[in-house]
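Trainee: I would like to take a close look at a single part of this model, the place where two chains meet. Could you walk me through it in one connected account?

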Number of protein chains: 2
Amino acid sequence: MARKASLSGFPEWLPAERVVEQHVLDTLRRVFELHGFANIETRAVETRAQLLRKGEIDKEVYGLSRLAADPDEEKNDPNALALHFDLTVPFARYVVENAGHLAFPFRRYQMQKVWRGERPQDGRFREFTQADIDVVGDGSLPFSYDVELALTIADALSALPIGDFRLRVNNRKLAEGFYRGLGLEDPDAVLRAIDKLEKIGAEKVAEILTTEVGATAAQAQAALDLAGICTSDTSFVEQVRALGVEHELLETGLDELSQVIAAASKRAPGNVVADLSIARGLDYYTGTVYETVLVGHESLGSICSGGRYESLASKGKKTYPGVGLSIGVTRLVSRILAEELVTAARSVPSVVYVTLANDEAWHEAQDVAAALRERGIACEVAASAEKFGKQIKYADRRGIPFVWFTHADGTHEVKDIRSGEQLSADPASWTPPAEDLTNVVS
Amino acid sequence: MARKASLSGFPEWLPAERVVEQHVLDTLRRVFELHGFANIETRAVETRAQLLRKGEIDKEVYGLSRLAADPDEEKNDPNALALHFDLTVPFARYVVENAGHLAFPFRRYQMQKVWRGERPQDGRFREFTQADIDVVGDGSLPFSYDVELALTIADALSALPIGDFRLRVNNRKLAEGFYRGLGLEDPDAVLRAIDKLEKIGAEKVAEILTTEVGATAAQAQAALDLAGICTSDTSFVEQVRALGVEHELLETGLDELSQVIAAASKRAPGNVVADLSIARGLDYYTGTVYETVLVGHESLGSICSGGRYESLASKGKKTYPGVGLSIGVTRLVSRILAEELVTAARSVPSVVYVTLANDEAWHEAQDVAAALRERGIACEVAASAEKFGKQIKYADRRGIPFVWFTHADGTHEVKDIRSGEQLSADPASWTPPAEDLTNVVS
C-alpha cells in the first residue's frame, strides 16, 4: 500500500495484498452462503436510461461507446450503455427480468466491481468492489428479514479481520411518525437536515430546520433530541416516549426497531446499536436503515449501509419489496492493508519449492510436486538445476517456507528454511503445519 | 440457459447456473494455486493509447467517458479511458509498473471480465470472463516453463467437467525455420495463410501461397504437408525430417516442441498433441503456441490459447519474456450449461431449512441454525410460522433437501424431504451426507 495507483482512483494490489482482499471476499462468501444466500453476478453495463431513472446523475456515471462506432451514433441514444455505479439498480432489473425463474423470497449475495467518476479521495475510488446481500419478496416480505439481515451482516463483519464495528440501525417510520407527531409535515426535509448532523453540527441543523423546513425552535430541538438517542438495547423506546410525541407510524417504527435491537443485543451483543441519528440519503428506504462504522476509523465513513425498501423494483402492478446491505469491500481492504490488520505470509501460494539436483531430475521433481498437490499442498518445481544455494535463495525471496530435496539414492528431505531444520520426508505423506497451508496472518 | 440475454452479448446466469460458473472458477483457482500461481486483478480500464498500441483496434474497444463531463473533452485525449479487451495487455502494464515489487520469474493467474464490442454470436460475447496464467521473467525465462505451462493447463482442464479436450501445441520457430529452409522469405505471410486452413481448406490456402506469398506449387505443398502433421508423441520429428527441409531455427523448434510433447505424453497422456497446423493470429508469439479444442465441440473454437512471447512488456532496455495461456471461461460455461455437463443440485446454498412451530420459536430456531453453521452446514430459518406443509413446500421448491423441526419438549427431528425419512437429531452433531454439502452434480 506504499505505492500510489498509477491511475488515480483505480487501485491495484500487489500479489500479497490481493491475498488479503481474497481472504475478505472468501470470508464474506462463506458467511453469506452459510446463511443461505445464493450468488449472482450481473453484467457491468446497464442502459443509460435504466441508470439515470432514479436521478442518480450525481454518481458520475461512466458512459460507454465503441471506439469503432460513429461518435454521434450513441450520444443521445437512451439504450446506449454505461457502467453500473452500484449493485442495487442492476439487481432490481435482474429480479424483474428473471422473476419467473426465481423462488421468492429470493436471497442473493453479489460481489462485483462498480464504477463512479467521482473525484478520488481517501476511502473513495472510481473503481471499487461492493459485496451486497438482499432478500426480495414477491409482493410482500415479512419484517423478520430486517432482523435477519442485521444478524447476517453482523456475523459477516465479525468474521473479517477489521476489529470492532458498530452497526447503527434506525427506522424511517419511527422518524417520520415522530416528525408528523410533532406537527412537521415534510419529514423528508427534516431527515435531509438531520442527515447533515455529523458534518455541520446541531446548531446549524437547527437553523436549517427553523429557516428552511418551517419548524419552531421547540420542534427543531425535539427533532435533535430524537437524533441524540443511541442505545445498545431497547431502552431507546423509553427515551423516545419521554419526548412526549405520539403518532401511529412512530409506534410501528418503535416496534420494528425494537425487534432488530432485541434480537441483536442477544445474538450480536455490542455490535448493533439503535442510533436515531441515522438518516441515509437515498429516497427509496421505507423502514429499517443501517450504517456501519469501524471503531477507531470513523473518518472512513460507513463501510456497510442499507435498509428496507417497499418497492425497489416493480413491473406493472407487481412490486418487489426487499431489505439489503452493501459492504464497501475496497474501502475496507484499503484500510486493512494500510493498518496491516492482516498480512499475507508470502506473495505466492506455494508452500514447498521442489529443487533440482540436475536438469534430468525435472520429471522426478514433477512426480514429487504431483504427490504433494494431490494432498492440497501448493508447490513449484525449480525451472533449472542451479546451485542449491541459489535455489534456496529463490524460495526464500518469495517467502516459500519449505525446500524439497531428492537425493541420488531416491530418498527425500525437506528443509524449513526459517528454522534450518532438515528432515527426511515422503512425498506421499509429508504435510506442512496447518498454519503454513493458509497464507493469511493476523 | 433457455433464457436469452436481455442485452445481446452480455450473458447473465440464474443462481443455479452461477453455481456451475463458480465451480469452474473455484476449480481453476485451486489448480493454479496448487501450481504456485499467485492471483492478481488489474483495473477494468486502460488508457486508449495503451490499448491501441498494438493496433488491436479490430477488437472493438469500448471507450469510456463520464456522462457529466464535457462531451468533447475526452474525444481526442490519448489518456481517455477504455475497457480492456483481454488480460494480457493490462498484465504487461502491471508487470512494468510493479517490477520493483515482484519476484521474477513472476507466476500469476488472473480471472476477470473483459469487453469487446464485437457482433455477438454462438460462443462469442461482448462481456466475458477469461482465466489467464502466465510466467514472466526479468530479461530471460528458461524454456522449461513452456513445458510446465502446458502441464498446468492440462491439469486445470482435466479438473473441469468438460469431458475430453485436446491441447494442440506448435512452435513458431519450427514453422519459421521450415519456411525459411524451403526458401520462403516471408514466414509471417505463410503463417497467416496456414491460419486459414480450417476455415477455407488446403486448396485455397495453396492458392494464396502461390499467388500472394510468392511460393512455388512445391513450396506451397511442402508448407501444407508440414501443417498436416499431428502426433500425440514425438514422432512428429521424424515426419518433419522426412519432408527434407533443413534450417537452424527448424532444429531449435523441433527440440522445443519435442520437450513439451515428451513431458505431456508422460504426464497428461492423450490430452496434448503436436499439431503443426496451429498458427495463432497474434504477432507477439515467438516460440511455443497453444490452442485447445473440446472433443465433440470443435465448432466452439479454441477454449484455451496462448504461447511464448519474447517481449510482451518492455521498459527502456529491459524486456520481460513470458509464456502464458488464457481460458475462455464464459465460452466454456455457456457450453457446460447448454449441454448440462454438470448442474447445481439446488439454486440456493442451504442444505437445511429450519422450520418454526410458532413465531416465538424464532430465537430457538436461530440457535439451531447457528449450531449448524458452526460446522459448515448452510441453512435458512423460516421467516414466519406458517403451516408445516407450507414451510416444507417452500424448502422443496428451492431444492433444500432437509427440513428441521424443534418440538415443544426441546427435542429435534430432521426430515429428508426426498425420501420422507424423519429422524431425531442434535443440532450440535447432526451432519448431512457429504454429497448434499456440495451443490454441484456431475
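Which strand of chain A pairs with strand β3 of chain B, in what sense, and over how many bridges?

Mentor: The model is a predicted one, and within it strand β3 of chain A, residues 62–66, pairs with strand β3 of chain B, also given as residues 62–66, in the antiparallel sense over five bridges. Within this pairing, A:Gly63 stands opposite B:Ser65 of β3(B). Turning to the interface as a whole, 85 residues from chain A and 85 residues from chain B take part in the contact, and the area buried between the two chains comes to about 7,500 Å², with carbon and sulfur atoms giving 54% of that area. On the side of chain B, the residues that lose the most area to chain A are B:Glu12, B:Leu34 and B:Leu67, which together account for 9% of what that side buries.

Between chain B and chain A the count is 14 salt bridges, while 48 residue pairs are in polar contact, counting pairs with both residues at pLDDT 80 or more. As for secondary structure, helix α1 of chain B, residues 15–34, gives the most to the side of chain B that touches chain A, contributing seven residues. Sorted by class, that side of chain B has 42 nonpolar, 18 polar and 25 charged residues.

Note on methods. Residues are numbered from 1 along each chain as its sequence is written. Chains are lettered from A and ligands numbered from 1 in the order in which they are written. This is a predicted model: local features need pLDDT of at least 70, side-chain atom pairs count only at pLDDT 80 or more; totals for chains, interfaces and linings use all residues. Side-chain values use heavy atoms; hydrogens and water are left out. Contact means heavy atoms within 4.5 Å. Buried area is the accessible area (1.4 Å probe) that two parts lose on being put together, summed over both. A salt bridge is a side-chain nitrogen of Lys or Arg within 4 Å of a carboxyl oxygen of Asp or Glu. A polar contact is a pair of N or O atoms within 3.5 Å; within protein, one must be able to donate a hydrogen and the other to accept it, and residues adjacent in sequence count only if both atoms are side-chain atoms. Helices (H or I, at least four residues) and strands (E, at least two) are DSSP runs, numbered from the N terminus. Ala, Val, Leu, Ile, Met, Phe, Trp, Tyr, Cys and Pro count as nonpolar, Asp, Glu, Lys and Arg as charged, and the others, Gly among them, as polar. Two strands pair if DSSP finds at least two bridges between them.
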